[in-house]
Amino acid sequence: MSLDVSTPSAPTIDGEREDQYEPDGERRGDLQEYLDGEENAWEEGFSEWAAETPLSEESYRILLDLDLLSDLDFFWDEESEEVQYESPEIEGDWEELHPSLDSWSQVSEINEELDELGETVAGVLSDYYIAWDEEAEVTETFGEQYNARDDALPENERNRDE
């Protein structure tokens, strides 16, 4: 099944998690840039998820009405060397949260699909982020000219390397 909707704005991931061991503001800033910057990992991940999700448009509207997308969180996990995510859930007195929520089954589906969206976007971010991390290491090792970057270097730096 497929969800034919426009891509919403990417969530802002500038907060800090309770279980983090050291401040990761710089990493979060990098991830935010990948989410909504030139790479637009959010749009790529959201489109991939929307093409596969069984979520109905009505359930998707509920998800938007409850502003659940803004509570998606993405963070770099040094141990696994992957982007991890935390997705919000509809909990508690769900009957009172939205007039269109009509069953626990619908609530469960929304929760599961939010988790799927988080997983999909985290995978896209991991692909970008890991590639970026490796590129930084290559640049440190071989210099800016590596990977045909000569054209991007100022003339005086190009001559110095020759």
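Does Tyr34 count as buried or exposed, and at what relative accessibility? In this predicted model, Tyr34 counts as buried at 8% relative accessibility, where buried means under 20% relative accessible area, exposed over 50% and partly exposed in between (1.4 Å probe, protein chains only). Residues are numbered from 1 along each chain as its sequence is written, and side-chain values use heavy atoms, without hydrogens and water. Because the model is predicted, local features need pLDDT of at least 70 and side-chain atom pairs count only at pLDDT 80 or more, while totals for chains, interfaces and linings use all residues.Overall, the protein has five helices and two strands, both taken as DSSP runs numbered from the N terminus (helices H or I, at least four residues; strands E, at least two). Of its 162 residues, 35% count as buried.

Rings of Phe, Tyr and Trp (its six-membered ring) pair if their centres lie within 6.5 Å, and planes under 30 degrees apart count as stacked, over 60 as edge-to-face and the rest as tilted. Tyr128 is partly exposed, with a relative accessible area of 24%.

Trp42 and Phe46 make a tilted pair, 5.9 Å centre to centre with 35° between the planes. Trp42 counts as buried at 2% relative accessibility, and Phe46 does at 1%. Together with Trp49 and Tyr60, they form one aromatic cluster.
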